[in-house]
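Open the model in your viewer and keep the selection panel at hand. The tour goes one selection at a time.

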Amino acid sequence: MSAASQVVVPMTVAAAAKRPPLARIAIWVVTLFLCLTPFLLVIVISFGHKVEGASWEWAFSLDNYQRVFVGANWPDEVTFLYLQKLYYSLYYAVIASVLAVLTAFPFTYLMTGLSKRAQSVWLVFILSSLSLSEVFIVMGWDVLLSNRSGLPMVFKATGLTQWLKDVGWFDTLRDWGLANPRNVKFKTSVFATVLTMAYLVWPYAVILLYPPLSRLDRSMTEAARTMGAGPWTVIRTVVLPAVRLPLIGSVLLLFVFLLGVYVAVTVFAEPAKQTMAVSVYEAVRGNTLNAPFGSAQAVILLLTAGLFLTLGQWLTRRNAS
Amino acid sequence: MKGLHLAGIYKDFGSVRAVENIKLDFAEGELTALLGPSGCGKTTLLRMIAGLEMPSGGSILLGEDNITALAAHKRRFGMVFQNFALFPHLSVRENVVYSLVIAGTSKSDAIDTGERLLDLVQLSGYGDRRIGELSGGQRQRVAIARALAQEPEVFLLDEPMSALDAKLREDMQVELRLLQQRLGITTIVVTHDQREAMTMADKIVVMSQGRVEQVGPPQQIYHRPENAFVADFIGKANFFDGVVEAGKVRVGQSLLELKTPAEFISGSPVQIACRPETPYLDSDGIAGSRLKASVTFVRDVGPVRDIHLQTEIGPMIVEYARGETERSFTVGQETIVTLPVEGLHVFPRNERAAA
């Protein structure tokens, strides 16, 4: 090495050490901008005023939040219309996330007992199903559950509807809103909404449960069997407690995801049982064109998700300790 | 309690036969060790006895009852797993009384039994601890107590010492054997450690490639191996190839005297095994074959010395216990090695290679 290069190298290193990490700062700025700006904008707009013509102006008003909780005419008149929408958001998301995890759990548990090759095939199949968009899935279920071409017609053609009438269960279905005087009907209903929402997130549930279940020490279940535990007792006393935390985590994650589902709710839920996510969209892009009010609802939905996540984390910590 | 009887048990995994036509009797109250190298089928056999694997053929009898198709949870044989398989979400006491709780035993009875079993395995006062707070030896004791809680008719242990360090392993071997003798329970232990098998077992079943090679008490297995595999796997042995010649065996230029079984006719290719502790060095008056030898290496490991020799019939290791002879041996020293007649075992040639 020449004398010149011996001098140059230490100087370059020293200069690099002193130079402000511009690239690092730039990455941070871009990341923060992309992550926080939409949220900050929504929060800021939620305190603003609506301007006719789909615009808004800066302000610091709690009117939009007041409207969500007690209605626009409070204190003269109190309405819980938007809290009801929030209730349905939570209602659908809780049932669908629990349903997805409950049905994905036995499937994933049985899958982890298969050969490695069979497991790989199943995982690839399930991962590929994630490429289907919400719109595509909802369209499929829409056809499947439609009164004229879907399952109700199958029920009628195969005589299942008549059989349900004969055994007296048809009236029960009518009480539940799952039948009209002539035939069973699934649209529109809570049943169809929850079923489609659970279907939407089912592959995610399998993928979330697969790692903890595949790591489960099979000798523990075998030990339980040698001690007199039948298959259900093994599941109840060994497997479920061992994967308790991943199960709670999966339900929470899917629940938060399902709070924002739009297409499935608009297609399958009754108009009176629409969710806050639909209401947000209607406020921002629908007929009312009230961005501040839509933003206030979005913030409340976000805070609700945060609240449930915090609650879940607290429960998890308490269980772990 | 009843004895266990295996009649022609075999197990196929696809085209591979993991266990081949096993016929064994496990006497009531006896401790049997299934001993063999990795992959010999001993764990598969134990799992079939436990009901965790279904045999491809043959039958398993407990006393007069055929239990071949009986599910594991209905057999209720206590089993200790290699990694102990304790339930981390339960306390030590809850682990021990697991079988009682799921069987519907009252809480007070389960607690009493739990305390008695923890006392039995010397873990009194540990009932409320979590499994993660226990050492390896303590975990093994919990696993033993848990397997014994349901008062099983057969007690199964799959490599129970393999997760323990060497010192603890030796202590636990003695402890487990004493416990088994006290309870008088029919016990089957799977191990690949011949020292462990010889320490604990009333009877050893040596297995290789899914087959039973020899069954017998530990001393019989060691001193009278029935084939070259057993002679090689149990303890150490020097092997020589030879040919039977008029009731003796010719190895190279030497003719060795030994008790040749009647089935070997002259000209039969055979293999001779000789335990390293049986030959004598420079000793007169010993009946046997005397061979010239020179010392090539001396390995002194404290209680014993291995003296490596080059003899007329090939290399040989002679093991001398400290105090047995105070003579010193140096590399290059010439000596006479005597192979006593009763110390040589003869087997058909190629048997060991095939094993």
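**Stop 1: chain A as a whole**

Start by selecting chain A: of its 321 residues, 31% count as buried. Keep in mind that this is a predicted model.

Colour chain A by secondary structure. You will find 16 helices and two strands. The radius of gyration of chain A is 27 Å, well over the 20 Å that the globule rule gives for 321 residues, so chain A is more spread out than a compact globule. The spans are about 100 × 70 × 40 Å.

Next, look at contacts inside chain A. Take those between residues at least 6 apart in sequence: 69% of them join residues at least 24 apart.

**Stop 2: where chain A meets chain B**

Show both chains. How many residues does each chain bring to the contact? Chain A brings 16 residues and chain B brings 18 residues.

Stay on the chain A side. Select α11 (218–226) and α12 (231–242) of chain A; these are the elements that give two or more residues to the side touching chain B. Which element gives the most to that side? It is α11(A), with six residues. Then colour this side of chain A by residue class. Seven residues are nonpolar, six are polar and three are charged.

**Stop 3: the two domains of chain B**

Select residues 4–225 of chain B for domain 1, then 229–348 for domain 2. Give each domain of chain B its own colour. The C-alpha centres of domain 1 and domain 2 of chain B lie 38 Å apart.

Now go to where these domains touch. Nine residues of domain 1 of chain B are in contact with eight residues of domain 2 of chain B. On the domain 1 side, select β9 (203–208), β10 (211–216) and α9 (218–223) of chain B. Each supplies at least two residues of the side that touches domain 2 of chain B. By class, that side of domain 1 of chain B has five nonpolar, three polar and one charged residues.

**Stop 4**

Finish on G314(B). Select strand β18 of chain B, residues 314–321, to find where G314(B) sits. Is G314(B) buried, exposed or partly exposed? G314(B) is partly exposed, because 15 other C-beta atoms lie within 10 Å, and buried would take 20 or more.

Along the chain, F239(B) and G314(B) are 75 residues apart. Their C-alpha atoms are separated by 9.2 Å.

Terms used
Residues are numbered from 1 along each chain as its sequence is written. Chains are lettered from A and ligands numbered from 1 in the order in which they are written. This is a predicted model: local features need pLDDT of at least 70, side-chain atom pairs count only at pLDDT 80 or more; totals for chains, interfaces and linings use all residues. Helices (H or I, at least four residues) and strands (E, at least two) are DSSP runs, numbered from the N terminus. A residue is buried if 20 or more other C-beta atoms lie within 10 Å of its own, exposed if 12 or fewer, and partly exposed in between; C-beta atoms are placed from the backbone. Two residues are in contact if their C-beta atoms, placed from the backbone, lie within 7 Å. Ala, Val, Leu, Ile, Met, Phe, Trp, Tyr, Cys and Pro count as nonpolar, Asp, Glu, Lys and Arg as charged, and the others, Gly among them, as polar. The radius of gyration is taken over C-alpha atoms; the globule rule is 2.2 Å times the number of residues to the power 0.38. Domain bounds come from an automatic or database domain assignment.
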